[in-house]
Amino acid sequence: MPVLLTLLAALIASGVCAYHRTSLRTWAIATIVATLVVGLLAHAPWTMAILLIVELAIALPLLLVDFRRKQISLPLLKLFAKVTPKLSETEQTALEAGTVGFEGELFSGKPDWHELLKQPKPELSVEEQAFMDGPVEELCSMIDDWQITHELADLPPNVWEFIKKNRFFGMIIPKQYGGLQFSALAHSAVLQKLNSMSATVASTVAVPNSLGPAELLLHYGSDEQKNHYLPRLAVGEEIPCFALTGPYAGSDATSIPDVGIVCRQVVNGVETLGLRLTFDKRYITLAPVATVVGLAFRMFDPDHLLGDKEDLGITLALLPRSTPGLEIGRRHFPLNIPFQNGPVRGKDVFAPLSVLIGGPDMAGHGWRMLVECLSVGRAISLPSNATGGMRASALATGAYARMRKQFGLAVARFEGVEEALARIGGLTYATAALSRATAAAVDRGEKPAVPSAIAKYHATEWARQIAADTMDVHGGKAVQLGPKNYAGRGWSSVPIAITVEGANIMTRSLMIFGQGAIRCHPYVLKEMQALSIADRGEQLKVFDRLLFGHIGFGISNAVRSLAMGLSGASIGETAGDAYTRRYYRKLDRYSAALALCADVFMGVLGGKLKFKEKLSARLGDVLSYLYIASAMLKQYEDNGRPESDRPFLAWGFHQCMWLIQNALDGAIRNFPVRPVAWLLRALVFPLGRREVPPSDRLGRRVAALLTAPNEALDRLTDWVYTTPTPNNTIGRMKALLPDVIAAEPVDRKFGKALKSGQFTSHDYLGQLAEAQQAGVISEAEADLLRRVREGVFEFISVDDFDTDELRAFKTRADAA
């Protein structure tokens, strides 16, 4: 027993120091003191002596810095230089393009929650709110999505004119150029509200404010280019598009085959230095109506007219539509969501060097320009559009489920529907928080490369899930297209968002963890950068400091993961109040587990991990759900910790924890080095997998919030167009819902009398009249039931058409 007590004391002291990440000196002193004290008190002198010798043998070489550098760090530096895969120029550019925000804390194994909670609450300015209440509200009142998607396959002229006149295309353009200069949050809010009415309108507005000429000009354009184009772009005098994707290069943008050859050509009698461009692009949004085309191509200078370098690399240019030889092809038709989209082509198109964004000095910098701007655009456009659609679905599906009856009951009462409503409510809350967090990061001046990939992937994937649940709850109502159908086009549009701006499969498999593991890790990128230090002495000094910091970091995460796994993440000081403190502790636990697994996976597999996409995807899932859960907690805090929001928060949070557990389990179970996997499982899941998905009881509470007016539902469906105008079925449903609820007890009373056989009439209105005459219900109650039945009938009705009405286009035979 004395031997075990002494050994246990040393282990506990070391563990406590590792858990709290003390310095190496503090660890050595604490462990030695614990060994001495317990060894003496337990009368175990031999055990104490042996342990002290071992501890000193470990501590002294590490504390003697010069010895440690020469005998330990130098051989490891040489080995590290051999095994570290060299980053390609494009990979290096991608890593350096963005910034690291709170996602870096989640990779630390010990997040500083106060850093998150002290960030200011994202809020619209007075001017931005006025725009939401004015032009955005008015634009929503003009939208007839059936007209857009079926009859015109385009926005009507008055909508195009309104968008241009009110500078919807200039939200990101500074006021000095005539733009609105809105925050990213306002940009997101506008897109969410528009998407609650029409995916086509929202996409049309999103593109000029996302990755495109305006954003690129703002960051890299010359003063002359800015002064010329930005005022025209702000008021819609110029319509932009950006041509990147082609038949042979989509997500692999660095392999684009489109070329620009530096040459001289006589233009209007003057010899002009310029480019001969050959390109073939497709899927280019706004191309059919664009007046200025942004173009990505690879630039070559074979005759060395600009310098010694022949392959200058990816370069960006702006071509006026009037450029001779520039061909904008016929329209694509993306899944019946007719936002303007089409191909752009050209062969041997000559343009002067002045078309290069930023001028000749920016030749070859196109890849950096793209990845820097894409991290901002991807953080706003698609996540915002997805969130707007999800919010609208939550409002519509909850109201419809309360109104629609089967077997004499509102379908919201059926547990299968309740399960779908719970997913809709919980995932919408999580996605709204995620979208808000990435917009806030942009407004803080960040270029959130990793969070934007997280937001793009998960917002669009969860939008697909909610669209499916919305269709299931609505049944035939959502299947029959027509002016009355507000769900069908949303179902059609979700694959578009999943495909564009980096296909979701590649975003999950290659980008989230692939960039996050290096960019967010506190040591890995710095260790790789240390290899490029020319001074050997300085290189060894820096590497030594990073190496042993990294070793301590790994040991700490192993101890923290084990300790929090054994305790069920129920101990330790953290942020939050009495309700949320347990949530922060769970995030602490899984942050440590992620950091541990990331270190082990990278350390054991090295460069091969890049090709283990399924492992990388699962670790990316862990990072994603940690980030989303953090965003939900921040949203909850910013809103003043409303008790009524707790079911949404709890459902979303437990779903994230369940998914984190499954992702970690899948990664460890499939790790190819089995002894390492066994050790990891013992550290990460010492008591097994204990997380469970949200309970049925919790799901019932979430569903109840969606099916009745309340403050939590108002917050969840913020930025949805709810004005009960003739073109807004969802708004009219929301307006009728209080009457539907008020009519339920009256309807039960009426139904009970009906079943008793008191009435002779066989039609509903006649039965109501008899019930009123018999005193079963009052005149006011009869009027309420009539009004509700009439209103509900409109919302459960579907459209029908003559065959000729559905023939919107000529057949091939007619066209011939």
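**A tour of cavity, pocket, strands and salt bridges**

The count comes to one cavity of 30 Å³ or more. This is a predicted model, where local features need pLDDT of at least 70, side-chain atom pairs count only at pLDDT 80 or more, and totals for chains, interfaces and linings use all residues. Residues are numbered from 1 along each chain as its sequence is written, and side-chain values use heavy atoms, with hydrogens and water left out.

**Stop 1: the cavity**

Select Leu116, Gln119, Ala437, Arg444 and Tyr627. Of the 20 lining residues of the largest cavity, these lie nearest its centre. The space inside is about 180 Å³. On a 1 Å grid over the protein atoms alone, a cavity is a set of points where a 1.4 Å probe fits but cannot get out; lining residues have an atom within 4 Å of a point. Grid points are joined across faces, edges and corners, and the volume is the space filled by probe spheres set on the points.

Now show helix H16 (415-443) and helix H24 (613-638). Each supplies at least two lining residues. Helices are DSSP runs of H or I, at least four residues; strands are runs of E, at least two; both are numbered from the N terminus.

**Stop 2: the second largest pocket**

Move to Lys405, Gly408, Leu409, Ala410 and Asp747, which lie nearest the centre of this pocket among its 34 lining residues. A pocket is an open set with protein on both sides within 12 Å along at least five of seven lines. This one holds about 990 Å³. Colour H29 (729-755). H29 gives the most to the lining, with 10 residues.

**Stop 3: the strands**

Select S3 (residues 270-285) and S7 (residues 341-352). They pair antiparallel over nine bridges; pairing requires at least two bridges found by DSSP. Arg276 stands opposite Phe350 in S7. Ile328 has Val344 in S7 as its bridge partner.

**Stop 4: salt bridges**

The whole structure has 34 salt bridges, each a side-chain nitrogen of Lys or Arg within 4 Å of a carboxyl oxygen of Asp or Glu. Pick Asp544 and Arg68, at 2.6 Å, N to O. Asp544 is in helix H22 and Arg68 in helix H4, 476 residues apart. Both are buried, that is, under 20% relative accessible area with a 1.4 Å probe, protein chains only.

Finish in H24. Lys634 and Asp638 lie there four residues apart, about one turn of the helix. Their closest N and O atoms are 2.7 Å apart in a salt bridge.

How values were computed
Buried < 20%, exposed > 50% of the residue type's maximum accessible area, 1.4 Å probe, protein only.
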